[in-house]
Amino acid sequence: MRVVIAEDHALLRAGVVALLREQEIEVVAEAEDGEGLLRVVAGHKPDLAIVDVRLPPTFTDEGVRAAIAARERQPGLAVLILSQYVEPVYTAELLRGGKGGVGYLLKERVGDVRGFVEAVRRVADGGTALDREVVAELVQARGAQGDGERLKLLTPRERETLALMAEGRTNAAIARAMVVTPGAVEKHVSNVFAKLDLPASDDDHRRVLAVLAYLRASG
Amino acid sequence: MSGGAVQSRPADGGARAASLALALSAIAGLACTIAWGATGGLFWPMWVWLGLATALALLASRGRFAHAAPGPQRRLALHAEVTAVLAANVLLAWLFGGAGAFWPIWVWLGLGVALALHALLVYRDEPPRERQLAERVAVLTRTRRGALDVQAAELRRIERDLHDGAQARLVALSMQLGRAEARVDDRPEVAALLRDARAEASAAIAELRDLARGIAPPVLADRGVAAAVEALAQRSSAQVTVDARLPHRLPPVVETAAYFVVAEALTNVAKHARGASARVTLHEQGGRLRVEVADDGPGGANAAGSGLEGLRARVAALDGALALDSPPGGPTVVRAELPCAS
């Protein structure tokens, strides 16, 4: 796996790079701003770009805009946004188009090395990795919408399953997180799909996209 | 200048001179009256009395203004007193002369015109109190707005500093703890300690994030009030449409105030007008930002009961206005107008 990173904070950039190298993930180039990201993506054709939201020169949402631009220029490029805050608007923009290979995590999750590396590999493989806070925002917004009443039909365990699915986790990972058997997870998943009236799918990734499409739909 | 000479004389000296003048006038008047008593005929001493009284009145006027602040205002006041004395003088002269055709009117007219011209000159040169106050108000408005702008900019700077400073360092710390944790898999008790330390760091990071969000939500700082209001609309339980026409970013203090007005209004819609839809309009024209949140709910909202009261002070501090219009039966409209020329 070939990774590029765009992060202006030298300490954090060095930290992420060192951590990934220790896990035998190759960081082929580093950038400090949006322009730099587009340059290293064009030059190295990486599988994954790890991007901070706030980058010079504006220190606003440069990273999100550069990541979306990089994906347009290199279709199939996986993008993992690392940020110190969760902003639902950015989530919606990243997920727009409904393609996989998208991640949005809070930076402190990097400290959970195993979880982070798992997320990095998942996103690079075209999967999804959304921070639990991102998912909580999505669920809250959806629950507030007109037909969000459906979410109330879910049992607490089913809601937990829905959230973990939206984070992009596989059944096995969900089973580990909830400390239940894979069989129990499968049952929760099929109940969630039935209650929310979603098209069922055996494919993990398509399933996540269906859940996210449901959470993002407005009205 | 005579005024200056009068003022420089000691006060008791002035009073002594006035008493002396009064005494001399009384003696002179008395002498004339005695002289008339000896000769008889028409009562001519009344003219002497009139002349002396006029002179004394003028002297008294000058004395009274001796201690007023020198300048055009004092000269004008003195002029007004002299005019009054002379006006009284000609009236008495007319009475003494047998009260025939009322000729003093012409004298008064002349005196009045002279006084009016003098006043015109003085007030053209010297700004009247109203104008001074208007200028003062303009200065205070400007400086208050400046102070608020500085405060808003400072808050955003603190948010930025937290983000790039303490928060980033804690994130780096959390990463290092994680890396250490991954290396001590064979020593579970050390790994547990490191995991606890990382949890503490995460809690601190979360607290700093909440603090920064309370100052201004990131999207407001990053993208401005139109994007932040769109984000509010997406999260609201009401059906909200947003019409934002803002060609450029507004001063931070205005953005924040407008954002919190819309946030509060939409919270009220969700709370008190279940199932209602709302329309948010942000429109800037001629250096004023107009914010309007209208819903088709049942109306009858009470400004005092809503959180809008707290926002009124915030809006007023910017010389803006906040109004709630909510007749029974609806619709409810919250309007804020904020000057936003930077």
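Predicted model: local features only at pLDDT ≥ 70, side-chain atom pairs only at ≥ 80, totals over all residues.
Mentor: Residues are numbered from 1 along each chain as its sequence is written, and chains are lettered from A in the order in which they are written.

Trainee: Why is α2(A) called roughly parallel to α3(A)?

Mentor: The axes of α2 (residues 34-44) and α3 (residues 62-73) of chain A come within 9 Å and cross at roughly 25 degrees. Angles under 35 degrees count as roughly parallel, so α2(A) is roughly parallel to α3(A). Axes are lines fitted to C-alpha atoms, with angles from 0 to 180 degrees between N-to-C directions.

Trainee: Which residues make the contact of α2(A) with α3(A)?

Mentor: Two residues are in contact if their C-beta atoms, placed from the backbone, lie within 7 Å. From α2(A) come Gly34(A), Leu37(A), Leu38(A) and Val41(A); from α3(A) come Glu62(A), Gly63(A), Arg65(A), Ala66(A), Ala69(A) and Ala70(A).

Trainee: What makes two residues of this contact polar?

Mentor: The contact has six nonpolar, two polar and two charged residues. Ala, Val, Leu, Ile, Met, Phe, Trp, Tyr, Cys and Pro count as nonpolar, Asp, Glu, Lys and Arg as charged, and the others, Gly among them, as polar.

Trainee: How many residues does each chain give to the contact between chain A and chain B?

Mentor: Chain B gives 30 residues and chain A gives 26. The largest share of the chain B side, 12 residues, comes from α7(B).

Notes:
Helix = DSSP H or I, 4+ residues; strand = E, 2+ residues; numbered from the N terminus. Parallel < 35°, antiparallel > 145°, perpendicular 65-115°, else oblique.
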